[in-house]
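Here is a short briefing on one protein chain. Please keep the sequence and the 3D view open while reading.

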Amino acid sequence: FGDLKRGEMARDTELGSNISKILKLGKQIPAELGYSVIKNAIRRSPNFISGYPISADEFDIMSQYCPIIGAIILDVDESALMGRFDNRRECPQCHEPGINGDVCNVHGVDMIRRQDTNLEELIVRRKLYQKRISPFLDFLSLKLIPILRIEVSGLTEADVPKLKNTY
């Protein structure tokens with residue numbers, strides 16, 4: 001979800017502009033706006049959506065348009081999480097994401113460290129995540145939505161396709 005959101009902002013679409021304004025105010029993106037970000041991705045590849053929904057409101061909006069048959073929680077220990085967060089990169093031209101100094105496959109230039117990957121930002125994101133995810137998991141349990149928890153601290157970005165094929 002985050003990559004899709006950043007893509008909208010980087011392309012300066014109307015949707016991206018609305019998201020930027022909300023985030024600059026330090027507010028949470030409304031569920032309807034969040035679904036607007038992912039609906040095209042759902043049409044292209046309806047199997048996995050990372051990071052959305054994480055609230056009852058987002059679930060209710062999304063489930064109006066497509067069935068949600070389960071949730072996968074990727075558990076990561078704090079030190080691995082900090083390392084991954086610190087290694088986030090993007091293309092300086094198109095702002096597409098990458099990890100560990102890769103070269104952009106579109107522009108052939110070295111990726112640069114994303115500006116939003118500092119310790120303070122990680123702390124803010126973790127607090128928001130913990131504030132939202134616990135009630136959301138309780139909500140899913142009440143809705144009888146299956147939840148699969150997978151420990152992924154030792155996995156790398158290269159392992160993600162294998163993980164998708166396994167589950």
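Of the chain's 167 residues, 33% count as buried, meaning under 20% relative accessible area; exposed means over 50% and partly exposed lies in between (1.4 Å probe, protein chains only). This is a predicted model: local features need pLDDT of at least 70, side-chain atom pairs count only at pLDDT 80 or more, and totals for chains, interfaces and linings use all residues. Residues are numbered from 1 along each chain as its sequence is written, and side-chain values use heavy atoms, with hydrogens and water left out.

**Overall fold**

- The chain has 7 helices and 5 strands; helices (H or I, at least four residues) and strands (E, at least two) are DSSP runs, numbered from the N terminus.
- Along the sequence, the pattern reads α-α-α-α-β-α-β-β-β-α-β-α.
- Among contacts between residues at least 6 apart in sequence, 55% join residues at least 24 apart; contact means heavy atoms within 4.5 Å.

**Helix α6**

- Helix α6 (residues 119-142) has 24 residues.
- From first C-alpha to last, α6 reaches 35 Å, close to the 34 Å expected at 1.5 Å a residue; the expected span is 1.5 Å times one less than the number of residues.
- The buried residues of α6 are L122, R126, R132, I133, F136, L137, F139 and L140.
- An α-helix has 3.6 residues a turn, so residues three or four places apart point the same way.
- The partners of these buried α6 residues are α4 (56-63), β1 (71-75), α5 (78-86) and β5 (147-151).
- L144 follows α6 and has a positive phi, near 60°.

**The α2/α3 pair**

- The axes of α2 (residues 14-24) and α3 (residues 31-44) come within 11 Å and cross at roughly 140°.
- Axes are lines fitted to C-alpha atoms, for helices over the stretch in contact, and angles run from 0 to 180 degrees between N-to-C directions.
- α2 and α3 are therefore oblique to each other: angles under 35 degrees count as roughly parallel, over 145 as roughly antiparallel, 65 to 115 as roughly perpendicular and the rest as oblique.
- L15, N18, I19 and I22 of α2 meet L33, S36 and V37 of α3.
- By class, this contact has 5 nonpolar, 2 polar and no charged residues. Ala, Val, Leu, Ile, Met, Phe, Trp, Tyr, Cys and Pro count as nonpolar, Asp, Glu, Lys and Arg as charged, and the others, Gly among them, as polar.

**Around V109**

- V109 sits in the loop between β3 (97-99) and β4 (112-113).
- V109 is partly exposed, at 23% relative accessible area.
- Beyond residues up to four places away in sequence, V109 touches C91, P92, Q93, D102, V103 and C104.
- V109 and C91 are 18 residues apart along the chain, with their C-alpha atoms separated by 7.1 Å.
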